[in-house]
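This report describes the fold of a two-chain model, one chain after the other. Please keep the sequence and the structure in view while reading.

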Amino acid sequence: MDQFFNISVITDNFTYFMIGRFPHGPLGGVGLTLYLAVVSCILSFFGGMFLGLLSISRFAIVRYPTLGFINLVRGMPLLMVIFWMYFLMPALFGKIAENNTVIMALTLFTSAYMSRIVVAGIEGIPKGQTEAAISTGLTSWQLMLYIVLPQGLRNMIPSFVNQFVSLIKDTSLAFIVGVSELTHVATQINNRTMAFPTEIFIFIAVIYFILCYAFTSLSRWLEQRLTWVKAI
Amino acid sequence: MIVFKGVHKWFKTLHVLNDINLHVTPGEVLVVCGPSGSGKSTLIRTINQLEPINEGSLIVDGYDLSDKKTDINKLRAEVGFVFQQFNLYPHLSVISNITLAPTKIRNISKKEAEEQAMVLLTRVGLSEKRDAYPSQLSGGQQQRVAIARALAMKPRIMLFDEPTSALDPEMIGEVLAVMKDLALSGMTMVVVTHEMGFAREVAHRVAFMADGIVLEEAHPEDFFMRPQHERAKQFLRQLLTPMQAECP
């Protein structure tokens with residue numbers, strides 16, 4: 001009790017920190033944090049691609065509403081979007097699990113940011129590539145699919161990873177609607193034990209750091225793996 | 001095969017093409033030359049509508065480019081274009097650069113496309129580079145791959161926009177040799193170039209442009225020996241003796 005750094009509060013609750021009550025109850029802790037982040041990330045990848053492509057559409061009637069939507073979402077705090085989904089979705093569509101409303105909120109929010117990354121990636125491809133492709137008769141969809149996106153996506157990797165790392169950190173906001181991810185688990189343990197807030201919050205800070213650093217390193221590895229990149 | 005009639009084009013207020021009237025017949029090699037900013041690149045880029053024209057009529061291989069209903073992708077598949085900056089796809093190997101369009105547009109099998117691509121690579125002398133990436137090739141090699149890529153669509157017309165201008169001097173020859181070989185095979189070609197040796201040897205006709213106007217159109221022998229227009233004389237003088245032209 002009087003130790004400088006009480007390690008036992010961590011070791012005693014380690015499984016709970018990592019996976020919550022799983023497998024006897026719902027997944028929680030780091031497991032749920034990663035689950036929320038990974039699922040939202042995959043969904044926002046497609047969401048961002050979709051919004052990004054629409055926002056540079058040739059047709060103003062598609063482009064302007066999309067841009068309006070993107071700017072609207074980017075102009076709102078994530079916490080508010082989480083509340084929105086939490087209260088609005090069940091009201092509209094009946095019962096939806098808290099986890100899923102959080103995933104929806106994170107996806108919507110991150111898609112808006114991802115869409116700007118996608119646009120930047122696409123616009124970063126030299127004009128000569130487009131001209132070369134259309135001069136052989138490729139349609140604009142084929143151009144996008146075979147020439148622009150494969151090169152653009154590679155350029156987007158660092159920004160995507162940044163966004164994913166933000167997403168990992170953003171999942172901590174799910175704590176506010178009672179989703180038992182890492183931060184929520186930490187407050188629970190803190191409330192139960194009362195005496196070790198320093199230990200508990202230093203521990204989860206380290207966990208968040210390790211997660212984020214691991215994914216940043218993964219991105220570096222991924223970039224190097226695409227062999228044609230190295231030669232440029 | 002290519003007919004310009006009263007073609008005009010403006011970039012905002014700049015009149016880049018001013019009343020162009022040109023006729024290229026099948027199998028003909030037309031070289032377009034002129035000082036920079038004269039509109040020759042814009043001219044060649046209108047032929048596959050990389051630049052749309054504003055006025056006049058332009059008919060290429062039966063496709064009317066002034067008609068909005070013309071399927072421009074179809075025309076582009078029939079017209080090969082070679083760029084100054086090569087514009088190979090850096091994420092694809094040499095062989096994939098060449099087979100992409102034929103497999104996606106002509107719907108031929110990958111195997112067949114690769115066989116045809118190897119024939120073309122052999123023709124441009126690069127069959128051993130099939131699996132290399134563009135960044136591993138020299139400029140001259142990249143340009144030869146770009147020519148093979150354009151030829152893979154079996155085009156009826158080939159356009160070259162300053163194909164040797166971005167190359168080191170020692171690599172120009174290898175690209176010109178491929179182009180000459182192509183011209184001798186009877187390909188219809190329009191070539192924007194400063195390579196007057198090539199023009200003299202291979203062209204059937206030379207068009208000289210300045211300020212968006214075709215000032216002179218002549219057989220190469222006539223153009224080089226007896227240029228009519230003052231601008232053409234000046235251009236040729238500068239080209240042949242650049243040092244003296246700069247320091248009179």
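## Chain A: overall build

In chain A, 72% of the contacts with a separation of 6 or more are between residues 24 or more positions apart; contact means heavy atoms within 4.5 Å. The model is predicted: local features need pLDDT of at least 70, side-chain atom pairs count only at pLDDT 80 or more, and totals for chains, interfaces and linings use all residues. Residues are numbered from 1 along each chain as its sequence is written, chains are lettered from A and ligands numbered from 1 in the order in which they are written, and side-chain values use heavy atoms, with hydrogens and water left out.

Chain A contains 11 helices and 0 strands, and its pattern along the sequence is α-α-α-α-α-α-α-α-α-α-α. Helices (H or I, at least four residues) and strands (E, at least two) are DSSP runs, numbered from the N terminus. The C-alpha trace of chain A spans about 75 × 50 × 30 Å along its principal axes.

## Chain A: surface and charge

Chain A has 232 residues, of which 46% count as buried. Buried means under 20% relative accessible area, exposed over 50%, and partly exposed in between (1.4 Å probe, protein chains only). The accessible surface of chain A comes to about 12100 Å², and 68% of that belongs to carbon and sulfur atoms. Accessible areas come from the Shrake-Rupley method with a 1.4 Å probe; for residues, only the protein chains shown count as cover.

## Chain B: the antiparallel sheet

Chain B has an open sheet of 4 strands in the order E2-E1-E4-E5, with antiparallel pairing. Strand E2 (14-24) and strand E5 (63-64) of chain B are at the edges with a single partner strand each, so one side of each has no neighbour in the sheet. Two strands pair if DSSP finds at least two bridges between them.

Strand E1 (residues 2-11) of chain B pairs with E2(B) in the antiparallel sense over 7 bridges, and Trp10(B) has His15(B) in E2(B) as its bridge partner. E1(B) and E2(B) form a hairpin with 2 residues between them, and Lys12(B) in the turn has a positive phi of about 55 degrees. E1(B) is also joined to E4(B) by 5 bridges, again antiparallel; here Val3(B) is partnered by Ile59(B). Strand E4 (residues 55-60) of chain B is joined to E5(B) by 2 bridges in the antiparallel sense, and the bridge partner of Ile59(B) in E5(B) is Asp64(B).

Strand E8 (residues 188-192) of chain B is mostly covered, with 5 of its 5 residues buried. In a regular strand the side chains alternate between the two faces of the sheet. In E8(B), Thr188(B), Val190(B) and Val192(B) are on one side and Met189(B) and Val191(B) on the other, and all are buried.

E8(B) runs parallel to strand E3 (residues 29-33) of chain B, to which 4 bridges join it; the bridge partner of Val32(B) is Val192(B). Strand E7 (residues 157-161) of chain B is likewise parallel to E8(B), with 5 bridges, and Met158(B) is partnered by Met189(B). E7(B), helix H6 (residues 169-184) of chain B and E8(B) make a right-handed β-α-β unit. Right-handed means that, with the strands pointing away from the viewer, the path from the first strand over the helix to the second runs clockwise.

## Backbone exceptions and one buried glutamine

Most residues other than glycine have a negative phi, and most peptide bonds are trans. Phe22(A) and Pro23(A) are joined by a cis peptide bond with omega about 0 degrees, and Pro23(A) lies in the loop between helix H2 (14-19) and helix H3 (29-55) of chain A. Asp61(B), in the loop between E4 and E5 of chain B, has a positive phi near 50 degrees. Asn107(B) has a positive phi of about 55 degrees and is found in the loop between helix H3 (94-105) and helix H4 (110-123) of chain B. Asn107(B) is exposed, with a relative accessible area of 62%.

Gln141(B), in helix H5 (residues 139-151) of chain B, is buried, with a relative accessible area of 18%. Leaving aside neighbours within four places in sequence, Gln141(B) is in contact with Leu126(B), Lys129(B) and Glu174(B).
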